[in-house]
Amino acid sequence: MAKTYRPRIPKPFRIPRPMGAQSDAARFGWLRPEVLSIVAGALIAAVAPLDRLDYVARGLTAAALADAAPSAQVLLVTASPESLREGLCERSLPGLLERGRARGALLIPPADAFCGGDAASAANTTRAANATSAANATRAAGAAPVVRMPPELLRLSAGDVVGFFPLAPGERAPELGALGVSAAPWVLKKAPQSVPAVSLRDLADGQVPASALEGRVAVVAVGAGGVAPQAVATSALPPGRGIAAVLGGLLDGGRRAAAPAWVPALFVLLAGGLVWIARRRYGSLVATVALFLGVFALAAGQGVLAARAEASLIALPSALFGLAVAFTGVMIVRGLVVQRSVDRAAELIQRAALFRMQGVHTLPDEEFWPRVARLAEQAHPADLVLIAELPAGSWHLRFWNDRQGGGESFVAELRRDVRRPPYSSEQGVPAIRLSRRFLAKQDMPAVVVPLIAFGEIEGYVFFCGPVAEQTFSREPERAEHVGRELALLLRRKRLARTAQAGAGEARGGGSPEDDLVEGARVALDDLQLFGSMLRSAPVGLLYADAFGDVRFVAPEFAKWLRARDVTVPAESASAALPPGSLTLGDVLGATSASDAAVSLSSVMASDDGIELSVSAPEPAVLSVRPLRRESDGSSWIAGYVAALIPVQQAAPVSDNVRPLAVRDAADPLCAFQLGDVVADAVASAARATGRAVRLEPIRGATHALGHRGELEQVLEAFLTDVAGRGLPGHGPVVSVREAPQGVQLSILDVGFGLGLPESALQRVLTAPGSAPAGLEPLGRLIVAVEDSHGHAELKTNDGWGITLTVTLLRAHPRAFVSANEGGKPAAQQNVIAIGRAGPK
């Protein structure tokens, strides 16, 4: 039978299992206040500290489940006090029991004092020997026992008999056991109406046949005389009536005992878990309903169990107390935690009110549309800018402007139907056009720019005035750029509001506390991100939101703006500015370049942004870039970032002096094994990128000559860059071998250089110090190889990538041997000299 051998992974390369690497926080995440309260409630239900209440509740449960079926084991015999004083019970009871073949008689005090219970049971107070002999003879003859019921055997609850205590060893124990009296904590007794009852006088007078006693235990008790036959059972005194009902239930199988301690504990765990889940998902009202359902299930389950099983009486008050503890922990403890979180979240949101920048859809219309108008005014020169909103399901526009009076008062057009001129052409196609007699001022022209995103009209922007007309005639593409970006902004706002409304309907009765905590978390992330960015930046930084309002400005940038007479409001401790206090157009206007070069539209049109050189107060470069976001195949500007980078001027040098590159003296030209250097670089690149870098078996000793330190750095950087660019599963292949020309290093990369023109490869070989963008690691590697007196070449492989071959000088290590006395090397037995001998 073949055996399968599995290779053993060395310890340094083993990956820990996820289960073994989990943190202590995740391991003990279940130790929450709600869970601990549920567990505490279950422990309370198991311990049952409310012993007295539990005892009463078990008795009431047994009494509530009284059996209404007629009893065939017990007959209640009532005797009036007059009949007892006349001796009727003592004279007629033994004969009645014998004729009726009764199981026996149980005398209930005080009837036992008149019915001869002491003589019949051989336990009278004088304990005469003759009485004892007569009792023994009676028992031997098989006579029915007549036993007195000791009061100390009765278990009482709420003034009623619920069971019997254990029988003490004595002379009466066998007789009581013969009558069915045994230890029973609780008994499902018979209902008073279901226990047959007759009067002793009726039995003695023959009005009731003696056969009614056949096979039954006659419970003789004192009762009222002269009552109707149907009321005989209820006329007996309470002890007798209760004993007859309990004994009847006991003989019919109604013995009950306490349930195991784990039953109420398990119920509290399940009910508490249900309340917890309802509280987390649906709120406090549903959790309260779940609690009432749990209480109802506990009561109903107690009734069903008590009616069918013997050990089934639950400690109901203790179980309810444990359930209350669990409910209190779930509701109050979580409520306290949530309230604390809500308070802290509200404080964070209040502090971070100025930092909410990407919530475009959260702004009210009265703030959103004027801010869009200010953004358009920064991007396109105009005397007046109007923004028009196209409401959903409508063809008529609403005009907005941040000036006093809004935008409605500037428009003379009354139809405002986007399907007609000037909003569309004569053919009904929306397009950018110049319109006159559109505004209240008839002599002011207006450039109408429809805001179209993905074929849908989101609104219109109107650049009004002679300045706007001149800019449009000179640069019509500027209005197109601004219109496209504004349309994407409006579309983003509309889609975000639609998604938010849909999420609110799907969530239904969502918890507002969860939304508040989530908002606080996002606000805190923004605070930490921008605060760290501004505090750690080595240069002046500035951030403007999607509307062009500057929201964050670093101290160095603010100092530069004030030096150029730009009013910068006093920033807060975290360098935040309120909307509208400073715009990106003001920052661009502070430069000394022309208006065309520093307009906001130039920034919008360029993905890489613009760079402006400024000279005062110190030489610097102002770089402004748009921050774009992508989703669903579209991109839009979510903000702008600007950096003020100081320019270090080089020290003047003489015309006849040319600086030379100085090599580090710690990296001299030396001999080394190229295979070791390549193996270390391959391992470092694989760790850095997480992708496979294949190293072919090294052929030869690969002793090379060069600057080892420089080659190690550039080779590792190049392999890391190549592995990161490669396609998944197609990493670079590296090989090292000795060739006739020297020691060669070949790197076959199937992904690097795809789509690169031949001119780019030729440029990096010709001028490696000025390699094109993206090929800088390759250029640095070629420079290092040439510094080590080697050479590199690139070869395309017909669509299968590019092979880079590096050839270094081969190094020949010398073998030093000791010389003999004559100055010649000592000959060794295993060394043979080859070649022409020198002159002697």
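A disulfide is a pair of cysteine sulfur atoms within 2.5 Å. By this rule, the structure has 1 disulfide. This is a predicted model, where local features need pLDDT of at least 70, side-chain atom pairs count only at pLDDT 80 or more, and totals for chains, interfaces and linings use all residues. Residues are numbered from 1 along each chain as its sequence is written, and side-chain values use heavy atoms, with hydrogens and water left out.

**The disulfide and other cysteines**

- C89 and C115 form the disulfide, with their sulfur atoms 1.7 Å apart.
- The pair links distant parts of the chain, 26 residues apart. C89 sits in helix α5 (residues 88–99), while C115 sits in the loop between β2 (104–107) and α6 (117–120).
- Helices (H or I, at least four residues) and strands (E, at least two) are DSSP runs, numbered from the N terminus.
- The torsion about the S-S bond of C89 and C115 is about 115°, so the disulfide is right-handed.
- Buried means under 20% relative accessible area, exposed means over 50%, and partly exposed lies in between (1.4 Å probe, protein chains only).
- C89 counts as buried because its relative accessibility is 0%. C115 is buried too, with a relative accessible area of 5%.
- Is C464 buried or exposed? C464 has 0% relative accessibility, so it counts as buried.
- C670 has 27% relative accessibility, so it counts as partly exposed.

- Strand β25 covers residues 742–749. Of its 8 residues, 7 are buried, so the strand is largely enclosed by the rest of the structure.
- Two strands pair if DSSP finds at least two bridges between them.
- Strand β24 (residues 733–739) runs antiparallel to β25, and 7 bridges join them.
- β24 and β25 form a hairpin, with 2 residues between them.
- Which residue of β25 stands opposite V733? The residue is L748.
- β25 also pairs with strand β27 (residues 802–810), in the antiparallel sense, over 7 bridges.
- V743 has L808 in β27 as its bridge partner.

**Aromatic pairs**

- Rings of Phe, Tyr and Trp (its six-membered ring) pair if their centres lie within 6.5 Å. Planes under 30 degrees apart count as stacked, over 60 as edge-to-face, and the rest as tilted.
- By this rule, the count is 9 aromatic pairs.
- One of them joins F368 and W369, at 5.2 Å centre to centre. Their planes are 85° apart, and the pair is edge-to-face.
- Both F368 and W369 are buried.
- Y423 and Y460 have ring centres 5.6 Å apart and planes at 65°, so their pair is edge-to-face.
- Y423 lies in the loop between β12 (398–400) and β13 (433–435), and Y460 lies in strand β15 (residues 456–464), so the pair ties together parts 37 residues apart in sequence.
- Y423 is buried, with a relative accessible area of 1%. Y460 has 0% relative accessibility, so it counts as buried.
- Y423 and Y460 belong to one aromatic cluster with F399 and F462.

**Charges over rings**

- A charge sits over a ring if NZ of Lys or CZ of Arg is within 6 Å of the ring centre and within 35 degrees of the ring normal.
- R155 lies over the face of F165, at 4.8 Å from the ring centre.
- K493 lies over the face of F368, at 5.0 Å from the ring centre. F368 is the residue that forms an aromatic pair with W369.
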